[in-house]
Amino acid sequence: MGADTFSFRNLTDLYRATPVTMLDPSARIVIFSDLHVGNGSRTDDFLPNSGLFLTVLGSYYLENRYKLILNGDIEELQRFRLPDIMSRWSAVYDLFALFEREHGFLRLVGNHDLDLLGRTDHPFRIGEALRFSYHENSIFVLHGHQTTTRFERFNKLYGFGLRYFANPLKIRNYTVAHDSRKRFRTEERVYEFASANKVLSIIGHTHRPLFESMSKVDSLKFEIERLCRKYPKVSQKKQRQIEQKVEGYRIELEQIDSADHEAASSSSLYNANLVVPCLFNSGTVIGKRGMTCLEIGNDRIALVHWFDESRNRKYLRYDNYETQQLPGTDYHRVEMKSDTLDSIFARIKLLAGNNATRNLSDEWSD
Ligand SMILES: [Mn+2]
């Protein structure tokens, strides 16, 4: 059985085995993934954004009555021991417990915390996937490592290597997140499943935020093309506005360099003639320029970027984004993309067509 076939079958099995819950239209949900929480030492990837995460979670999402979904790779168990993680970051666990008690808390597993599925020394119930129904459509939340076999992922052996060799040498986390070929394979496999079944899928795992199956580079190019098509048809005043917007996007594209792991990658689902907007990725909490998450509420879904003004002033300079400061802090919220769920599902149905599986697997087979 080929790896792509394995992935499609595995995702199908997982999808069928996951119970469906109605998405409460009045509920607010925030989805974070890939925290990679360690023991607080220098090699703990969570440490740099820990203040941002704790403050934003407590002062914004808890305050505003969000339900919290953690979509895998929460603890970094390939390099650290669970008791060390839990004692160093008890404040994080206390916050999770508050969400569980007040507004709701759902915890899914990833490949770096996979061992928790069979353990009893962990405070929260952990699942493998979630399904929500929304106006007879389906939302599927999973970490994304389910696209690969354990062998292909090399999870165990790799984890062994990291914990016993890399960690004493102070080598930071090096995973699928930084290997663009593997990363793209995860994306295209979930995309194939999601478009074939007309399901809105939400993953983490690759650390690359996606909205409507597009990375930031894709979205910027798409938006520039859209504005260029609109340009000749509008008034002179509107043309000046478009010129300004395109210039802002162009500068932003130029600034995405190879050092920007979250955004830069030549691999793109957008190369297909029609992009089915079925794949979303919450990104990561441990990004160099801040953290990203997905918010669902008011019949909308949004990709949100949070950053620390004292470390990254990038978005403060641009007119194309509205930033919202969290009172009393240096932290800012930027809504990168947002749309109504109804509009997204309408386009998924229209664009996926009936032969999506066949076409996509033909195009993408190795
Ligand atoms: Mn992962």
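Since the model is predicted, local features need pLDDT of at least 70 and side-chain atom pairs count only at pLDDT 80 or more, while totals for chains, interfaces and linings use all residues. Residue numbers start from 1 along each chain as its sequence is written.

Helices (H or I, at least four residues) and strands (E, at least two) are DSSP runs, numbered from the N terminus. Two strands count as paired if DSSP finds at least two bridges between them. Strand S6 (residues 129-134) pairs with strand S1 (residues 20-22) in the parallel sense, over three bridges; here Val20 sits opposite Arg131. S6 also pairs with strand S7 (residues 137-142), this time in the antiparallel sense and over six bridges, with Ser133 bridged to Ser138. S6 and S7 make a hairpin with two residues between them, and His135 in that turn has a positive phi of about 45°.

On the helix side, H2 (residues 50-62) packs with H4 (residues 90-102) at an angle of about 15°, their axes 10 Å apart (axes are lines fitted to C-alpha atoms over the stretch in contact, with angles from 0 to 180 degrees between N-to-C directions). The two helices are therefore roughly parallel, the label for angles under 35 degrees. Leu54, Leu57, Gly58 and Leu62 in H2 meet Ala91, Val92, Leu95, Leu98 and Phe99 in H4, contact being C-beta atoms, placed from the backbone, within 7 Å. By class, that contact has eight nonpolar residues, one polar and no charged (Ala, Val, Leu, Ile, Met, Phe, Trp, Tyr, Cys and Pro count as nonpolar, Asp, Glu, Lys and Arg as charged, and the others, Gly among them, as polar).

Technical notes: Parallel < 35°, antiparallel > 145°, perpendicular 65-115°, else oblique. Contact = placed C-beta atoms within 7 Å.
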